[in-house]
Amino acid sequence: MKNRSIIIAFCFVLIAGLCVTGCTTTQRGAGVGAGAGAGIGAALGSAIGGGKGALIGAGIGALTGGIGGSMVGDHQDKQREEAEKVEMQRQIEMEKQTRSGEGKTFIEGHYEYSKKKKWVDTSKRERVWVEEYEDENKKVEGHYETRNIPSGYWEEYEEKTWIPDHYE
């Protein structure tokens, strides 16, 4: 029975690891926490209360591990964003102090608008009656044909783009 609970715990952790591949840090933390909590809960529940205990322990472990992992992942995301912001400010200060900014104007980050064009296709299909005619000594009776009527127009729009701090 003990080997079975270890295998169950290992499977929960393995599945959680596979499920969070390519996720954000918050989602990855929640998935790993849920998998680890489910595995630990299943192992403890199995040791204490048998099969039902393993299921209850896995459920409670997954819930608490998911919440805790989500909080840890969110905290890591915020720390990473703050570190990136500090690094960017450091680079700007270094650039101000070096000769690279000398004789140039410092421009703060801002939005710029650029005009763009895109083609809006308004083509349509139309059914047309074709009269009877002869083609290479064959008689072709009157019939309907579907024809494509090409049309459209250019639409202008503005695109908003963020330009970071820089020297000009």
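1. Which residue lies over the face of Y111, and at what distance from the ring centre? The residue is K160, which lies over the face of Y111 at 4.3 Å from the ring centre; a charge is taken to sit over a ring if NZ of Lys or CZ of Arg is within 6 Å of the ring centre and within 35 degrees of the ring normal. K118 likewise lies over the face of Y157, at 5.8 Å from the ring centre.

2. A word on the basis of this note: the model is predicted, so local features need pLDDT of at least 70 and side-chain atom pairs count only at pLDDT 80 or more, while totals for chains, interfaces and linings use all residues. Residues are numbered from 1 along each chain as its sequence is written, and side-chain values use heavy atoms, with hydrogens and water left out.

3. On the overall layout, the protein chain has two helices and eight strands, and these follow the pattern α-α-β-β-β-β-β-β-β-β when read along the sequence. Helices (H or I, at least four residues) and strands (E, at least two) are DSSP runs, numbered from the N terminus. Among contacts between residues at least 6 apart in sequence, 65% join residues at least 24 apart, where contact means heavy atoms within 4.5 Å.

4. Of the 168 residues of the chain, 19% count as buried. Buried here means under 20% relative accessible area, exposed means over 50%, and partly exposed lies in between (1.4 Å probe, protein chains only).

5. Turning to helix α2, which spans residues 25–97 and holds I48, one finds a nonpolar surface patch formed by I40, L44 and I48, with about 360 Å² of accessible area together. Patches are made of residues with over 30% relative accessible area and no salt bridge, with like charges joined within 9 Å and nonpolar side chains (Val, Leu, Ile, Met, Phe, Trp, Tyr) within 5 Å. I48 itself counts as exposed, because its relative accessibility is 76%.

6. On aromatic pairs, the count comes to four. Y111 and W162 form one that is edge-to-face, at 5.0 Å centre to centre and with 70° between the planes. This pair links distant parts of the chain, with Y111 in strand β2 (residues 110–121) and W162 in strand β7 (residues 152–163), 51 residues apart. Y111 is partly exposed at 45% relative accessible area, and W162 is partly exposed at 46%. W119 and W154 also make an edge-to-face pair, since their ring centres are 5.5 Å apart and their planes stand at 70°. W119 lies in strand β2 and W154 in strand β7, so this pair ties together parts that are 35 residues apart in sequence. For the rule behind these assignments, rings of Phe, Tyr and Trp (its six-membered ring) pair if their centres lie within 6.5 Å, and planes under 30 degrees apart count as stacked, over 60 as edge-to-face and the rest as tilted. With a relative accessible area of 44%, W119 is partly exposed, whereas W154, at 54%, is exposed.

7. On salt bridges, a search of the whole structure finds seven, a salt bridge being a side-chain nitrogen of Lys or Arg within 4 Å of a carboxyl oxygen of Asp or Glu. One of them joins R90 and E87, whose closest N and O atoms are 2.6 Å apart; both residues lie in helix α2, three residues apart, about one turn of the helix. R90 is partly exposed at 41% relative accessible area, as is E87 at 32%.

8. K116 in strand β2 and E159 in strand β7 are 43 residues apart, so that the pair links distant parts of the chain. K116 is partly exposed, with a relative accessible area of 33%, and E159 counts as partly exposed at 33% relative accessibility.

9. The side chains of E132 and K139 also meet in a salt bridge, at 3.3 Å, N to O. E132 is partly exposed at 48% relative accessible area, while K139 is exposed at 58%. Elsewhere, salt bridges that share partners join D77, R80 and E84 into one network.

Key: Areas by Shrake-Rupley, 256 points an atom, 1.4 Å probe, with all protein chains shown as cover.
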